[in-house]
Amino acid sequence: MSYTSYGFLILTVVGLVISRMVRPSGKKWILLVMSLIFMAAAGGYGTIVFWFISTAAGFAAALLLANVADTKEKQKRIILLAAVAFQLGLLAYFKYANLPAYTKEAFYELAGRVYEFEEKERLALAGISFYILMIIGYDIDVYRGETLAVRSFPAFSLFTGYFGHFVQGPIDSWQEAGKSLGVPSPVSFTDFQDGCLRILSGLFKKLVLSERLAIMVDTIYGDYASYGGWYLVMAAAAFTLQLYTDFCGCMDLVLGVSQLFGVRLAENFRQPFFSESVSEFWRRWHITLGAFLRKYVYIPLGGNRKGTLRKYLNTIVVFLLSGLWHGGKWTFIIGTGLLQCVYMIAGAMSEPLTEQCYRILRIKRTAPVLRFLRKVRTFILIMIGFVLFRSDSLTMAGEILKGMFQRGLHPEYAEGIFYSGLGTADFVILLIGLLLLFLISLWREKKGEQKILSTEGMRTMACFAILLVILVFGCYGKGYDISSFIYSQF
């Protein structure tokens, strides 16, 4: 089951109807049953079994930590380390069994040789990268005394298995999402409208924009050796936008559905392409993953409190883990990890020289032209990292990046405008949609949380208008698979 499937639509509608018929205290049980149904449909019964094992272990560890006296610090530390090791062991077994072979393959590629190996088959578990981090964060918070241990296993199970963040996040904390799930807020008509608008916004990003961008990306990346020059640049830019509209669209959808039930989840995006530096970008993109790594890895390692060299080493560790979290292949580890770390360290080291140049040339750092150029620079740097993210191997990524500087070649059999696989009409719809997305993002960047539509009538009309646009212009692409949200693979 995918968030864009008819099955999820039926599940949501039935859940909403039943939740209106029961007492507020019974809503959490409806959400738990819905989550189990979604979990089984999205990942199978194997997913339920290992989610249950992981959840039960995290729950038991927190109770043990809560029952040990604060004076027995060593015993508490042993319990916490065992609990974290168990969770990470599960994650490593199911996600990183092939990492040693992938590492050997990467070294062979660098040496110009071919290394073939048979991948170790593992049960595909939906959501494991997300709920395990939430469990680890919860156990650490209990250990630190930042939250009380939950005494209700069903309540904790709803927190870890809630359908709204199970497959693609956000990586929520118990202090916020857990308590909201336990006692959902009353839903007013305004809340209902806002939730519907959020859902439709997500569907617009996914079905109108992301699926059209996917056609361009799949067409060019699928035969990248036949393309060159600005075609590969266009494909790289298209994938960066595809990843954003896909992932952010999913977040809008699940946050909107959650709002219909009176549940508040953490925001995961904040206009990332308005960032003027790579470090700012990662504070705006996948916000909850960054917050998790900052709280439980970067700060405990010393953060920026123990000197510049230590700060850089801590940054390397954080982004190595970030890249590894995305997948056990070096295209992920480098593209969304180590390369981003290099950007950030290089930016920090060059900052004094940059400031000195501004003073000598008497240029204001806040000048609109400079701010625009910094945003363009950041987009290009992120785009290069996402080339590795999208590539099947380091060799493929290297050839694509090298091909960007060659003459603009394209295969003679390629179809669509600019040989991108998109027809003229679809290309125009895509451009208009991206322009609309940019204008809305610009408004939110300047106005913050201020609503664009201030009256109930305007919001109702907007809901019907967006729904009509999605029904008329929604694109399912070539070989479209309703389960293929990009981040669902993590």
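Helices α16 and α17 sit oblique to each other in this predicted model. Their axes cross at roughly 140 degrees, and since angles over 145 degrees would count as roughly antiparallel, the pair is therefore still classed as oblique. To find them, look at residues 368-390 for α16 and residues 394-403 for α17. The two axes come within 8 Å, and the crossing is right-handed. On the α16 side, the contact is made by Ile 384, Val 387 and Leu 388; α17 brings Leu 394, Ala 397, Ile 400 and Leu 401.

Next, the nonpolar interior. In soluble globular proteins, nonpolar side chains tend to be buried together. Here the largest nonpolar core has 133 residues. Its largest share comes from helix α11, residues 230-260, which puts in 19 residues. Which residues have the most contacts inside this core? They are Leu 31 and Phe 163. These two also touch one another. Leaving aside residues up to four places away in sequence, Leu 31 also touches Leu 158, Tyr 162, Leu 181, Pro 184, Phe 261 and Val 263.

Is Lys 206 buried or exposed? Its relative accessibility is 1%, so Lys 206 counts as buried, the cut-off being under 20%. As for polar partners, the Lys 206 side chain has a polar contact of 2.9 Å with the side chain of Glu 211. Another polar contact, at 2.7 Å, links the side chain of Lys 206 to that of Asp 246.

Terms used:
Residues numbered from 1 in each chain as written. Predicted model: local features only at pLDDT ≥ 70, side-chain atom pairs only at ≥ 80, totals over all residues. Heavy atoms only, no water. Buried < 20%, exposed > 50% of the residue type's maximum accessible area, 1.4 Å probe, protein only. Polar contact = N/O pair within 3.5 Å; in protein donor to acceptor, adjacent residues only side chain to side chain. Core = buried A, V, L, I, M, F, W, Y, C linked by side-chain atoms within 4.5 Å. Helix = DSSP H or I, 4+ residues; strand = E, 2+ residues; numbered from the N terminus. Contact = heavy atoms within 4.5 Å. Axes fitted to C-alpha atoms, helices over the stretch in contact; angles between N-to-C directions. Parallel < 35°, antiparallel > 145°, perpendicular 65-115°, else oblique. Left-handed = near helix turned anticlockwise from the far one by under 90°.
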